[in-house]
Amino acid sequence: MEIGSPSFLTLEDYSSFFLPDTINMDPNSTFIPNSKKRSQCDLNDTAFNDLLNSLVHFDQPIMDSNQFQQPKSIQFQLDFDSSPTKRPRRAVEDVDTATSSTAPPQQRRLWVKDRSKDWWERCNRPDFPENEFRRCFRMSKATFDTICQHLDSAVTKKNTMLRDAIPVRQRVAVCIWRLATGDPLREVSKRFGLGISTCHKLVLEVCAAIKTVLMPKFLHWPNESEMNVVKEEFESLSGIPNVGGSMYTTHIPIIAPKSNVNAYFNKRHTERNQKTCYSITVQGVVDPKGVFNDVCIGWPGSLSDDQVLEKSALYQRASRGSLKDVWVVGNSGHPLMEGVLVPYTHQNLTWTQHAFNQKVGEIQGIAKEAFARLKGRWSCLQKRTEVKLEDLPVLLGACCVLHNICEMRNEEIDPEWKFEIFDDEMVAENGIRSSAAEQARDQIAHYLLHHGRAGTNFL
């Protein structure tokens, strides 16, 4: 075989080179190397040695002639990859394992867009001016800290391997800023250095926490002792006894829903503003200080005030007789019934009836002013919001709870926050639903006139 031949050597060729005449040798004879054949294949030839080194690796070295015994078999391996840098796979795995065991573990991180948090970090500093903080968040630092303490366990998140959790104060601040300013989510994202979707998620989460944690504490129907205090305060203001609350219904503009559009169409606001308007309703009952103690949120804007009342828990409470010896004062759009006291609406009123309507109007003004402060403090209620219709009641409920907290802590309303409410009142179709309530109203009207509590403004 020629050295330059591309074919590989066979087993017989190797045997002829290294073990000459051993195959046909007599076992009893003594081995004598055949020098003639060895001379024909000179192992010192450089090219031939290179070929053998690239093709053949013996597991055991060739024994001397004096130590030779007839082998049972010859073991060899053919290495078709002559690359000198290749290592056995087992060795590579061992090296990688040793390297990984000595290297320090790397913490997995999630790529997050780098956004500036300078504005929020400046607001969160202790030396941030109090007036500036009130202008941004519609409340003092002390009130904000109180809200964060109440919501701490409900909104706290744990750090993960991918990123650190957003602090509680920043979560609450995102929600309150969004409710207070009504700015779009893109602007909220720039202020707090967070993603738009993250800001939207934080607003909904914090509003849900406010509804779950704070609403039972700060927005509930008064108990017996609290109701007695409310009655005394209302009587000192108006002279009407047993008044437990002032009721008012307002509308919140919304984007036209995809389904059941006609139910949310607000005809009265559309005619007055000459612009198509869709809305949902918020019915609230307040105490003499303008604090909500009952709300009904989310019914379509096409419903009248008496229809909204019929769907509320307050109506069910009055129908069951739970409002015994308690009057909730409504406007001309609400019906006269057990527990609900409304003004006279027919023509040609007497002086007694005029005087009664004046006092009822004063009580109604308390609820209307409370809703004006509510919308003035939380500007998101003044315009259409990006929140989905199904999530809007939770957001509105959170605004009512935050309003109560601010009112209870005597948070002042800045003059530039004032908002004037335009809600068109319509006389209820069935204005009188209880003859007993009608008689009680007449008695109250006569009591006010004959005891000098009616006043003379109606003259």
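Gln-274 lies in the loop between helix 13 (267-273) and strand 4 (278-286). The model is predicted. Gln-274 is not a glycine, yet its phi is positive, at about 55°. The residue counts as exposed because its relative accessibility is 69%, with exposure set at over 50%.

Strand 4 itself is buried. Of its 9 residues, 9 are buried, so the strand is largely enclosed by the rest of the structure. In a regular strand, side chains alternate between the two faces of the sheet. Both faces of strand 4 are covered. On one side, Tyr-278, Ile-280, Val-282, Gly-284 and Val-286 are buried.

Strand 4 has pairing partners in strand 3 and strand 5. Strand 3 (residues 243-254) pairs with strand 4 in the antiparallel sense, over 9 bridges. Strand 5 (residues 292-300) also pairs with strand 4 in the antiparallel sense, over 6 bridges. Val-285 takes part in both pairings: Val-285 is the bridge partner of Met-247, and Asp-294 in strand 5 is the bridge partner of Val-285. Strand 4 and strand 5 form a hairpin, with 5 residues between them. In the turn, Gly-290 has a positive phi of about 85°.

A further positive phi occurs at Asn-410, about 60°, again at a residue that is not a glycine. Asn-410 is placed in the loop between helix 17 (392-408) and helix 18 (435-450). Its relative accessibility is 65%, so Asn-410 counts as exposed.

Conventions: Residues numbered from 1 in each chain as written. Predicted model: local features only at pLDDT ≥ 70, side-chain atom pairs only at ≥ 80, totals over all residues. Heavy atoms only, no water. Helix = DSSP H or I, 4+ residues; strand = E, 2+ residues; numbered from the N terminus. Buried < 20%, exposed > 50% of the residue type's maximum accessible area, 1.4 Å probe, protein only. Pairing = 2+ DSSP bridges.
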